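Morning, everyone. I have one structure to walk you through today.

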Amino acid sequence: MLNRREFLAAAAAAAWCNRASASATQGKFDLLIRGGRVIDPAAGLDAVRDIGITAGRISALRANLTGDASEIFDARGKVVVPGLIDIHTHTARTAEGPRMVLEDGVTGWIDAGSQGADKIADPIAIARSAPQQARVLINIGRAGLLPDGDTMDLARADVAAAKAAIAANRDMVVGVKARLSRDVAGANDLEVLRRSQEVASAFGLPVMVHMGQTMSPIPALFGLLKRGDIVTHMFAPPPNSIIDDSGSILPAAIEARRRGVFFDVGNGQTGHMRWDTVAAIVKAGFWPDTFSTDWGANSRQTGVIDLPNCMSKLLGYGMSVPDAVARVTVNASRVFSVFKDRGTLTAGAPADVAILELRDGSFEFLDNYKGTITGKQRFYPVATVLGGTLMRRPA
Ligand SMILES: [Zn+2]
């Protein structure tokens, strides 16, 4: 998402900031993260650096910072990146959710449609009390996630109810979620999406569509997407995946991306990801804009595990480490404006930092069909800094 010109401009700005802050580096820091491999794709940075944090903000970033610090974290051998942003989770379904993902390095999350208009107060209460920045998408199905399908009964896609719920919670609802699979919306998928757009457009908000195994074909569905909308579960296998049998990405997907629709992974557990589909899509050069977990309280016992694990899955397909980091930092920060000052470690930014280990070895990664691939590298969460406060992950 950073094009080359923006990348160079960001790198130049970062270099200027480093020089400008050089005179301030003798100061006292609240926290000094020393000697890590700092990867900040927003600034074009991948190098060993020290990070000084003062009053909840990044105050210095350079090699060999000097100055007193109340607390020092020895990050030698670790990877230090902006706090991770997960744009498709169900963190707000459980009171413990926000704390659990914070341990994984997640300093910003979106609950993607756990509830609809009837109970939108529930996820909002959890998002509000979360330590991180957290917002929710409202499910167009007024009863939220239903085992029998959120909008199988089309009356549940209630435009008036959704609009009223958003109007009452403008600060916390940042988009509309439309789950469109056959077992969720049945033959109603197009009408559900049309109603979602009617609701979202009234407030200038994006729609996140859950694709995969829909009854309607992709061109019909994607034709209803506008700039800033998000397609999640982009690696969903057929029927109606974004790639055809001959290995070509559908023109409708290419056109959607060109007009500013984001493509997200949404790892999840069932129906969203199969290795052969993943391989074909990335071979065709259609890489995700963002990685997300589709997190739930049981994720550590599934193929999701955590966001750092989901970040690792495409390394074996040729994605670089900085590119993987970009997808959960700067790229994610551009999808929802609530994160617009996040996803970077530039001086002055809020001090949200994820400290990870990038281990070499042999690691098994799961899709949603019990399929495994073996990778040579995997990210593990080690510690999280949120607003300048360091939390080491419990052993
Ligand atoms: Zn989901």
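Let's start with the metal. The donor residues of the zinc ion follow the spacing H-x1-H-x203-D in sequence. Keep in mind that this is a predicted model. Which residues coordinate the zinc ion? They are His 88 and His 90, each through NE2, and Asp 294 through OD. The distances run from 2.0 to 2.2 Å.

Are His 88 and Asp 294 buried or exposed? Both are buried.

Next, helix 4, residues 159–167. Asp 158 caps its N-terminal end. A side-chain oxygen of Asp 158 lies 3.2 Å from the backbone nitrogen of Ala 160. Within helix 4, the buried residues include Val 159, Ala 161, Ala 162, Ala 165 and Ile 166. Why are they on the same side of helix 4? Because they cover an arc of only 165° around the axis. The buried residues of helix 4 pack against strand 8, strand 9 and helix 6.

That brings us to helix 6. It has 15 residues, 189–203. From first C-alpha to last, helix 6 reaches 22 Å, close to the 21 Å expected. Its buried residues include Val 192, Leu 193, Val 199 and Phe 203. Among the elements covering the buried residues of helix 6 are helix 4, strand 9 and helix 7. After helix 6 comes Gly 204, with a positive phi near 65°.

Key:
Residues numbered from 1 in each chain as written. Predicted model: local features only at pLDDT ≥ 70, side-chain atom pairs only at ≥ 80, totals over all residues. Heavy atoms only, no water. Helix = DSSP H or I, 4+ residues; strand = E, 2+ residues; numbered from the N terminus. Expected span 1.5 Å × (residues − 1). Buried < 20%, exposed > 50% of the residue type's maximum accessible area, 1.4 Å probe, protein only. Contact = heavy atoms within 4.5 Å. Arc of directions from axis to C-beta. Polar contact = N/O pair within 3.5 Å; in protein donor to acceptor, adjacent residues only side chain to side chain. Donors = N, O, S within 2.8 Å, 3.2 Å for Na, K, Ca; no water.
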